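Subject: Handover of a two-chain structure

Dear colleague,

Please find below the structure I was asked to pass on to you. My notes on it follow, and I would be grateful if you read them with the model open.

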Amino acid sequence: MGTITRTLANNLHHFGSNTVETGTWTPTTNIGFASVAEAKYIKIGKFVQADVSATYNAGPGDASQASSFGGLPFSGDNDCESISFNVLVEGHNEPVYSEVSGTGGSMKSRTDNVPLVRSQIGNRTLKATFTYTTDID
Amino acid sequence: MATTTAIDKWQLDSRGILNYRTTTTVTDDDDNVTSQTHHRSTLGPGTIDDSEVWTDSDISSFSTEIQNACNAAWTTEVKNAYKTILINKKLYS
């Protein structure tokens with residue numbers, strides 16, 4: 001029986017490659033962000049983790065479901081249906097999750113799977129960690 | 001010391017989403033690189049508002065090479081397919 005050699009490169013191979021990249025990104029949303037405290041990413045092979053802490057503008061405060069965000073650092077791969085539960089809209093008294101797709105993701109209630117509306121996000125702070133996979137090098 | 005900022009890497013995915021990296025490089029007086037920081041961005045062929053009205057993405061600020069690649073990739077078929085994704089996922093800009 002041979003010897004299994006564990007190296008960093010061997011372990012990272014599970015993610016598709018051993019390329020590691022870090023940096024920043026700019027989140028966008030329908031009503032805009034008044035401020036972005038942090039928006040960073042790390043990409044290891046095909047795996048992406050993007051963090052954000054940003055405060056929404058007030059917006060019109062209506063019932064439009066335009067609560068999604070965009071500007072992810074990498075587009076999700078074709079079959080990406082990644083769900084991120086590490087999502088908090090401070091002051092919104094309901095568990096929230098995000099479904100990453102393309103360049104962004106929707107912001108949905110975990111209670112009824114309905115996208116949040118603009119009156120539920122206006123002036124509030126989004127803190128989230130999105131994890132997903134990408135085909136981008 | 002000098003600081004330069006430029007798009008040093010870009011790629012279109014199979015749905016026509018442009019992924020690009022802007023890198024800021026700082027060099028010392030001997031032209032040695034002292035630091036590099038990356039900023040990543042993505043841009044689809046267009047966006048929809050909450051009335052699902054489509055707007056083509058503005059790529060006029062990009063290099064001719066990138067503009068040509070996007071214009072070739074962003075066919076009506078690709079735009080329609082991308083619009084369908086945005087509507088289905090309620091990804092309003």
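In this predicted model, helix 2 of chain B is followed by B:Lys90, which has a positive phi, near 55°. The length of helix 2 of chain B can be checked by simple reasoning: at 1.5 Å a residue, its 14 residues should span 20 Å, and because its end C-alpha atoms are 20 Å apart, the two values agree. Is B:Thr75 buried or exposed? B:Thr75 is exposed, because 12 other C-beta atoms lie within 10 Å, and a residue counts as exposed at 12 or fewer. From B:Met1, B:Thr75 is 74 residues away in sequence and 44 Å away in space, C-alpha to C-alpha.

Chain B as a whole

Chain B contains two helices and five strands, and along the sequence they follow the pattern β-β-β-β-β-α-α. The radius of gyration of chain B is 17 Å, whereas the globule rule gives 12 Å for 93 residues; chain B is therefore more spread out than a compact globule. Taken along the principal axes, the C-alpha atoms of chain B fill a box of roughly 55 × 25 × 20 Å. Of its 93 residues, 22% are buried. Among the contacts in chain B between residues at least 6 apart in sequence, 46% join residues at least 24 apart.

Within chain B, strand 2 (residues 18–27) and strand 3 are antiparallel partners, paired over ten bridges. One of the paired positions is B:Thr25, whose bridge partner in strand 3 of chain B is B:Gln36. These two strands form a hairpin with five residues between them, and B:Asp31 in the turn has a positive phi of about 70°.

Where the chains meet

How many residues of chain B are in contact with chain A? There are 20, and they touch 29 residues of chain A. On the chain B side, strand 3 (33–43) and helix 2 (76–89) are the elements that give two or more residues. The largest share, six residues, comes from strand 3 of chain B. By type, the residues on this side of chain B divide into four nonpolar, ten polar and six charged.

A:Thr24 stands opposite B:His39, and A:Trp25 has B:Arg40 as its bridge partner.

Chain A has two helices and nine strands, in the order α-β-β-β-β-β-β-β-β-α-β from the N terminus. Of its 137 residues, 36% count as buried. Residues 24 or more positions apart account for 65% of the contacts in chain A with a separation of 6 or more.

The largest nonpolar core has 24 residues, of which A:Ala50, A:Val52 and A:Leu126 touch the most other members. At least two residues of this core come from each of strand 3 (33–44), strand 4 (47–56), strand 6 (83–89), strand 7 (96–101) and strand 9 (125–133) of chain A. Strand 4 of chain A gives the most, with five residues. Leaving aside neighbours within four places in sequence, A:Val52 is in contact with A:Pro27, A:Glu38, A:Ala39, A:Leu126 and A:Ala128. A second, separate core of five residues includes B:Tyr82, B:Leu86, B:Leu91 and B:Tyr92.

Strand 4 of chain A deserves a further look. In a regular strand the side chains alternate between the two faces of the sheet. The covered face of strand 4 of chain A holds A:Val48, A:Ala50, A:Val52, A:Ala54 and A:Tyr56, while the uncovered face holds A:Phe47, A:Gln49, A:Asp51, A:Ser53 and A:Thr55.

Strand 4 of chain A has antiparallel partners. Ten bridges join it to strand 3 of chain A, where A:Ala39 stands opposite A:Val52. The hairpin of strands 3 and 4 of chain A has two residues between the strands, and A:Gly45 takes a positive phi near 60° there. Nine bridges join strand 4 of chain A to strand 9 of chain A, in which A:Thr129 is the bridge partner of A:Asp51.

With kind regards

Conventions
Residues numbered from 1 in each chain as written. Chains lettered and ligands numbered in written order. Predicted model: local features only at pLDDT ≥ 70, side-chain atom pairs only at ≥ 80, totals over all residues. Helix = DSSP H or I, 4+ residues; strand = E, 2+ residues; numbered from the N terminus. Buried ≥ 20, exposed ≤ 12 C-beta atoms within 10 Å, placed from the backbone. Contact = placed C-beta atoms within 7 Å. Nonpolar A, V, L, I, M, F, W, Y, C, P; charged D, E, K, R; others polar. Pairing = 2+ DSSP bridges. Core = buried A, V, L, I, M, F, W, Y, C linked by C-beta atoms within 7 Å. Expected span 1.5 Å × (residues − 1). Rg over C-alpha atoms; globule rule 2.2 N^0.38 Å.
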